[in-house]
Amino acid sequence: MFGPVSSPGATRDLDGLDWTRLREAADAVASRAYAPYSGLRVGAAGLGRDGQVYTGCNVENASFGVTLCAECGLVSALVAGGGQPLVAVSVTAGDGLALAPCGRCRQLLLEHGGPELLVDNGPGEVPLRLADLLPGAFTGEEIAERRSER
Ligand code: THU
């Protein structure tokens, strides 16, 4: 568990999602991570609205800032696979436990899952709504509504 125990709007075992399967997919892809610098192997697995599970792992770089988080790989696979929005996501460090998505990846997930995207909070814990993990988010609507016309 990395977030609050109860989250308004999220349900325990009522969402009909196979969180164990999603967590296992995240663990499996974490084993393929390229993480020689931090040693933290991260896997992300997301269920698309099409019922397919997409995965990604972190890929580090000697120029640390270039590192790709596991969620980047997941979103890339999702878009390349047809661009269905995500309905649920699990991020682990290959240990079956939920890992908190970093701030940048919360923003990334928002664009491809929306505020109601359910985020794994660990075995036996209530999943979290992305909106609760990224309140007051900046979105493309801001761009559309507020850009200058020139
Ligand atoms: N990492 C992820 O892959 N996703 C996150 O949401 C948090 C951080 C990775 C990036 C880096 O390779 C390692 O974890 C340590 O920060």
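R129 is buried, because its relative accessible area is 15%, which falls under the 20% limit for that label. This residue belongs to a predicted model, in which the count of salt bridges comes to four and a search of the whole structure finds zero disulfides.

- The side chain of R129 meets that of E116 in a salt bridge, with 2.8 Å from N to O.
- This pair links distant parts of the chain, since E116 sits in the loop between helix 3 (103–113) and strand 4, whereas R129 sits in strand 5, and the two are 13 residues apart.
- E116 has a relative accessibility of 49% and therefore counts as partly exposed.
- Through salt bridges that share partners, E116, R129 and D132 are joined into one network.

**Other salt bridges**

- Side chains of opposite charge can pair when their charged atoms come close.
- One of the salt bridges is formed by the side chains of D120 and R23, at 2.8 Å from N to O.
- D120 lies in the loop between strand 4 (118–119) and strand 5 (128–129) while R23 lies in helix 1, so this pair ties together parts that are 97 residues apart in sequence.
- Both D120 and R23 are buried.
- Another salt bridge brings together the side chains of E142 and R146, at 3.3 Å from N to O.
- E142 and R146 are separated by about one helical turn, because they are four residues apart in helix 5 (residues 140–146).
- E142 counts as partly exposed because its relative accessibility is 30%, whereas R146, with a relative accessible area of 66%, is exposed.

**Cysteines without disulfides**

- The search of the whole structure finds zero disulfides, and C69 is accordingly in none, with the nearest cysteine sulfur, that of C105, 3.8 Å away.
- C102 is likewise in no disulfide, and the nearest cysteine sulfur to it, again that of C105, is 3.6 Å away.
- C69 counts as partly exposed because its relative accessibility is 26%, and C102, at 32%, also counts as partly exposed.

**A nonpolar patch on the surface**

- Y34, Y37, V59, F64 and L68 form a nonpolar patch on the surface, and together they have about 520 Å² of accessible area.
- Y34, one of these residues, is found in the loop between helix 1 (19–30) and strand 1 (43–48).
- The relative accessibility of Y34 is 44%, so this residue counts as partly exposed.

How values were computed
Residues are numbered from 1 along each chain as its sequence is written. This is a predicted model: local features need pLDDT of at least 70, side-chain atom pairs count only at pLDDT 80 or more; totals for chains, interfaces and linings use all residues. Side-chain values use heavy atoms; hydrogens and water are left out. Patches are made of residues with over 30% relative accessible area and no salt bridge: like charges are joined within 9 Å, nonpolar side chains (Val, Leu, Ile, Met, Phe, Trp, Tyr) within 5 Å. Accessible areas come from the Shrake-Rupley method with a 1.4 Å probe; for residues, only the protein chains shown count as cover. Buried means under 20% relative accessible area, exposed over 50%, partly exposed in between (1.4 Å probe, protein chains only). A disulfide is a pair of cysteine sulfur atoms within 2.5 Å.
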